[in-house]
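Here's a quick briefing to read with the structure open beside you. Have a look at the model first, then go through the notes by topic.

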Number of protein chains: 2
Amino acid sequence: MKLRIAFGQINAFVGNFQHNFLKIKDCILKAKERSCDLVVFPELAITGYPPEDLLHKEGFIRENMSYVKKIVSLCDNIICLVGFVRSETSRGMRGKEKDQLYNSAALIHKKRIIDIYNKIHLPNYGVFDEKRYFAPGHIIPVYDLGGIFFGISICEDIWAEDTPLFEQSKNGSIINININASPYYKEKAKDRLKRMKEIALKTGTVICYLNMVGGQDEVVYDGHSLIVDNKGQLVRTGKQFEEDLFFFDLEAKGKKLNRKSKVHLVKIKGFQPKEKKDFKKYSAQKTPFYELPQEIYTALTLGTRDYVDKNNFKKVVIGLSGGIDSALTTLIAVDALGKKNVTALFMPSRFTSQESRQDAETLARNLGIKLHTLPIDDICSSYLRSLEQIFRDLPPDITEENIQARIRGNILMAFSNKFKALVLATGNKSEMSTGYTTLYGDLAGGFAVIKDVPKTLVYQLVHYRNKQSKTELVPARIIHKAPTAELKKDQKDSDTLPPYPLLDKILFLYIEKYLTLPEIMKKGFQRDMVKKVIGMVDRSEYKRRQSPPGIKISKVALGKDRRMPITNGFAPG
Amino acid sequence: MKLRIAFGQINAFVGNFQHNFLKIKDCILKAKERSCDLVVFPELAITGYPPEDLLHKEGFIRENMSYVKKIVSLCDNIICLVGFVRSETSRGMRGKEKDQLYNSAALIHKKRIIDIYNKIHLPNYGVFDEKRYFAPGHIIPVYDLGGIFFGISICEDIWAEDTPLFEQSKNGSIINININASPYYKEKAKDRLKRMKEIALKTGTVICYLNMVGGQDEVVYDGHSLIVDNKGQLVRTGKQFEEDLFFFDLEAKGKKLNRKSKVHLVKIKGFQPKEKKDFKKYSAQKTPFYELPQEIYTALTLGTRDYVDKNNFKKVVIGLSGGIDSALTTLIAVDALGKKNVTALFMPSRFTSQESRQDAETLARNLGIKLHTLPIDDICSSYLRSLEQIFRDLPPDITEENIQARIRGNILMAFSNKFKALVLATGNKSEMSTGYTTLYGDLAGGFAVIKDVPKTLVYQLVHYRNKQSKTELVPARIIHKAPTAELKKDQKDSDTLPPYPLLDKILFLYIEKYLTLPEIMKKGFQRDMVKKVIGMVDRSEYKRRQSPPGIKISKVALGKDRRMPITNGFAPG
């Protein structure tokens with residue numbers, strides 16, 4: 001049987017049903033034009049992912065159902081698989097009625113829902129909270145498409161040790177479709193490909209892995225859907241970090257079956273494969289995998305663009321210090337939103353060097369963005385005069401440094417309020433982790449673009465972007481000068497923090513590997529240094545709790561991924 | 001058999017094993033002195049609750065085990081039940097080893113762990129994330145204490161429809177001990193008592209409900225442990241919002257059994273009830289339930305004290321505006337920490353009325369706290385001069401209001417930095433919900449005491465405290481004047497918000513009942529007003545995400561309880 005399947009790798013918008021519906025509709029129409037037999041959409045394509053506590057609203061669930069119906073009415077002569085939220089009223093053991101939600105996929109044909117699959121394996125780790133909302137499904141379906149059998153599953157289902165794909169393939173499925181809303185972290189694409197190949201080989205079936213694309217608060221879906229054939233070969237990919245509607249042609253032969261009773265067999269009645277021109281045209285198109293710095297850079301760009309767009313902003317404003325973090329943030333903003341939508345504020349104090357000023361100006365010129373200069377010394381003096389009576393003769397300390405940072409935060413927010421520009425915060429993961437940042441100061445902003453990017457990676461990303469542009473977009477001096485917050489005379493980051501290459505290694509072990517002081521020491525780090533670093537991390541939990549959301553690019557980002565108590569007496573070793 | 005049971009209603013500290021151990025040890029020693037046969041501690045008493053992602057650290061789990069061993073060594077001639085985290089290595093279906101954690105209770109006797117119970121029902125809603133960490137237990141134990149049988153269970157287990165207590169009582173248990181870390185919300189004590197009576201009557205057993213006490217970030221455990229006899233009568237309570245070690249004497253008779261095989265029966269070997277003086281002395285002591293305003297006020301006081309103490313602060317600083325929110329916050333702070341540890345800053349601008357100044361001064365005098373006055377107009381002018389070139393002739397708007405609020409935030413933080421005083425934010429739930437608050441301005445602070453208190457309840461709490469003190473602690477004018485932010489001329493909250501009694505009703509339906517616009521209208525509210533309010537709530541999600549933690553006193557607080565996306569296109573009706 002000659003089958004053509006369309007994959008709608010769409011950028012869904014949480015809660016914006018009309019937005020999602022129009023994208024789905026557009027894909028269905030195009031799939032019909034190309035004589036597709038089946039069109040597939042991502043996990044929770046109708047609601048966007050994750051809807052979080054919107055799922056507690058009955059009105060939200062109803063709206064989601066009304067859009068399923070709209071999609072049903074579009075699917076006359078095409079089979080459609082689409083993710084949605086199912087609500088089911090069941091009776092508990094004492095006869096009490098209760099509503100259960102399922103993370104489900106509707107299989108639609110001839111303007112009817114012919115079956116609903118409920119996700120079996122619900123992730124409840126990292127950024128995921130699915131057990132907060134959904135009950136697990138228990139039924140493993142196989143669909144009979146005129147003698148050709150296929151299986152469907154949702155996201156985590158394919159990663160579970162006892163994945164339903166084993167049961168499906170034992171029961172005759174030769175194509176297994178897995179729909180996803182799978183958040184990006186670096187090199188996840190490789191993990192996915194490895195798993196899909198493994199499952200394809202173990203089951204001897206074609207694996208169609210469809211992912212969502214786009215940014216949603218802290219996460220970015222990277223698209224990059226994969227089709228792996230029954231020999232474990234990657235044969236087709238969706239675009240990486242972009243929407244895509246792609247097609248796949250498959251000559252399918254039915255298997256001889258020794259059917260077991262474990263699966264739920266559904267016959268798709270009245271199905272006739274369509275006549276196709278150019279059969280096999282769509283069977284082997286692959287986009288190359290991005291290499292690492294580019295992959296991360298592209299994730300950050302997409303995440304920033306979508307956060308700004310979906311929250312109804314057009315413009316952003318960034319505090320440019322002349323340092324490398326604000327330079328990278330600005331680069332990403334310009335790539336995401338266009339130079340006309342990015343404004344930079346340079347806010348020098350008496351501690352700001354001439355070099356910083358020149359570097360900020362050069363960078364703004366190179367990027368073609370508007371730069372305003374607003375000195376903060378007068379404002380700072382007015383604070384100190386006001387506080388004089390209370391502070392008396394106490395020596396200057398971190399207080400006076402923070403006042404400066406918070407003046408800059410206030411100016412950025414004032415610009416934001418006046419011109420409806422979102423403030424992008426510029427802090428990196430090394431700073432955010434150690435608390436080497438001022439709450440309400442440089443931490444101020446609606447979105448923290450490089451929150452999950454360690455300082456050492458900041459350099460790599462700037463190098464990559466400079467190299468890619470074939471010009472020195474970011475001036476060499478910004479890259480080569482010693483990092484400084486310029487909040488007091490001759491200040492250097494290295495006065496407070498270990499050298500960044502060392503710091504980032506300790507932070508990786510502490511944050512991403514969950515090691516404790518004695519365990520990190522065993523990896524060859526000095527006790528005093530480790531103790532100091534993890535003390536800084538633990539004591540600054542309260543700052544991170546109040547920091548803006550930022551884009552997850554690592555396995556353990558500083559946000560929903562990492563839920564540490566602020567009040568925390570744990571200090572071993 | 002004459003049994004005496006001790007209940008250690010302790011204030012555990014998350015991660016501070018030594019702190020928790022010393023409390024447990026103290027209770028064990030006192031229980032031995034009083035000839036107790038059994039001593040019981042709350043859920044996760046060893047680690048504190050909730051340890052959150054500290055549970056991802058193997059070093060944390062090991063430390064927890066080493067403290068279990070210390071407790072074991074104390075329990076020679078007393079049986080001890082204590083909550084801890086169990087780690088078990090099991091083999092998955094493909095032979096892979098994996099570590100599973102359980103929320104468990106160790107039953108200790110004669111310096112040995114004689115059994116471990118794993119919590120069966122894991123809450124994963126509201127503020128709870130137990131399925132993120134723990135695997136569920138499956139074994140229902142009954143313990144044979146020389147012919148007297150008892151059962152144990154943990155927290156949620158007693159609330160589940162298929163609670164293990166049914167199985168335990170069917171299998172002979174006459175006493176069922178349920179250990180908890182149950183967060184407070186208003187009137188929860190009544191729900192608990194109702195459930196305990198229900199279970200006591202259904203099972204015909206004595207229910208011993210032991211709760212933790214104390215504040216941990218957003219939650220407060222209210223203690224108030226309950227013992228309900230087998231006739232459904234409340235016979236004994238632990239103190240409300242205070243640590244307590246209390247005792248219960250019980251004359252127990254064994255039941256004739258028709259044992260089924262479903263339970264796991266454990267014989268406690270070599271047990272001999274101790275000789276007791278004054279038997280029955282401890283069988284009926286009850287503390288009265290607090291009435292509502294006092295109950296909430298006490299929860300706020302305990303939550304504030306514990307947040308400050310456990311985070312190693314001694315002092316707090318509060319911005320006093322002359323309004324009722326900062327008045328209530330200051331009252332609570334003084335009750336929690338003592339007047340010498342509370343400093344107030346009054347930061348007037350040209351929009352501040354003479355009345356506000358007088359009221360702030362009177363309040364500070366009534367409470368006996370230090371008040372500093374720091375005018376902000378000069379600082380404000382310096383901002384406006386600096387921004388003049390950019391703002392040009394644009395008319396004043398919310399920008400200029402926010403600048404003032406953020407100056408105050410910066411001054412408070414400067415005071416905090418210089419004097420190591422925690423800033424208490426003063427925003428109430430009505431403001432936090434609608435976003436009628438300035439991010440980094442009045443939202444600034446380490447802890448937001450009344451974050452979950454709607455404005456209408458703010459008044460009730462102030463009335464209660466005034467009445468209780470039998471003086472006008474909070475001057476009548478603070479209570480009676482129209483609420484105003486005083487950020488522009490003749491500003492009133494009512495210019496922007498519906499009247500608070502109306503607003504709070506809409507917010508309750510929207511936030512705590514998860515209703516949508518059309519559903520709220522059906523309750524008799526005007527479309528335009530509801531639309532405006534819920535629009536404000538939805539658009540200010542980003543502010544709440546960056547707000548300080550505050551104390552949960554309602555069923556749905558603004559924190560871990562309510563997890564809404566910032567990027568959210570849902571707007572029905």
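Helices here are DSSP runs of H or I with at least four residues, strands are runs of E with at least two, and both are numbered from the N terminus. This is a predicted model, where local features need pLDDT of at least 70, side-chain atom pairs count only at pLDDT 80 or more, and totals for chains, interfaces and linings use all residues. Residues are numbered from 1 along each chain as its sequence is written, while chains are lettered from A and ligands numbered from 1 in the order in which they are written.

**Helix 12 of chain A**

- Helix 12 runs over residues 455-469 of chain A, and its 15 residues should span 21 Å at 1.5 Å a residue, which agrees with the 21 Å between its end C-alpha atoms. The expected span is 1.5 Å times one less than the number of residues.
- Its buried residues are Lys455(A), Leu457(A), Val458(A), Leu461(A) and Val462(A). Buried means 20 or more other C-beta atoms within 10 Å of the residue's own, exposed means 12 or fewer, and partly exposed is in between, with C-beta atoms placed from the backbone.
- The arc is taken over the directions from the helix axis to the C-beta atoms.
- Among the elements covering them are helix 6 (292-310), helix 7 (324-337), helix 11 (429-434), helix 13 (476-480) and helix 14 (500-512) of chain A.

- Lys110(A) is a non-glycine residue with a positive phi, near 50 degrees. Look for Lys110(A) in the loop between strand 4 (97-109) and strand 5 (112-118) of chain A; it counts as partly exposed, with 15 C-beta neighbours inside 10 Å.
- Cys155(A) isn't a glycine either, yet its phi is positive at about 40 degrees. Cys155(A) lies in the loop between strand 7 (148-154) and helix 4 (164-170) of chain A, and is buried, with 27 other C-beta atoms within 10 Å.
- The Tyr49(A) to Pro50(A) peptide bond is cis, with omega near -10 degrees, and Pro50(A) is in the loop between strand 2 (38-40) and helix 2 (58-72) of chain A.
- In chain B, the bond from Tyr49(B) to Pro50(B) is cis, with omega near -10 degrees. Pro50(B) falls in the loop between strand 2 (38-40) and helix 2 of chain B.

- The 15 residues of helix 2 of chain B should span 21 Å at 1.5 Å a residue, and the end C-alpha atoms agree at 21 Å apart.
- Which of its residues are buried? Phe60(B), Glu63(B), Asn64(B), Tyr67(B), Val68(B) and Ile71(B) are.
- Seen down the axis of helix 2 of chain B, the buried residues fall within an arc of 150 degrees, so they line one face. On the other side, Ser66(B) and Lys69(B) are exposed.
- The buried residues of helix 2 of chain B pack against helix 1 (17-33), strand 3 and strand 4 (97-109) of chain B.
- Ile78(B) is in the loop between helix 2 and strand 3 (79-91) of chain B, and counts as buried with 20 C-beta neighbours inside 10 Å.
- Leaving aside neighbours within four places in sequence, Ile78(B) is in contact with Ile28(B), Ala31(B), Lys32(B), Cys36(B), Asp37(B) and Val39(B). Contact means C-beta atoms, placed from the backbone, within 7 Å.
- Ile78(B) and Asp37(B) are 41 residues apart in sequence but 5.4 Å apart in space, C-alpha to C-alpha.

**Where the chains meet**

- The contact takes 73 residues from chain B and 73 residues from chain A.
- Helix 9 of chain B gives the most to the side of chain B that touches chain A, with 13 residues.

**Confidence**

- Chain A has a mean pLDDT of 95, with 98% of its residues at 70 or more; pLDDT is the predictor's confidence in each residue, from 0 to 100.
- For the complex, the predictor gives an ipTM of 0.96 and a pTM of 0.96.

Conventions:
Two residues are in contact if their C-beta atoms, placed from the backbone, lie within 7 Å.
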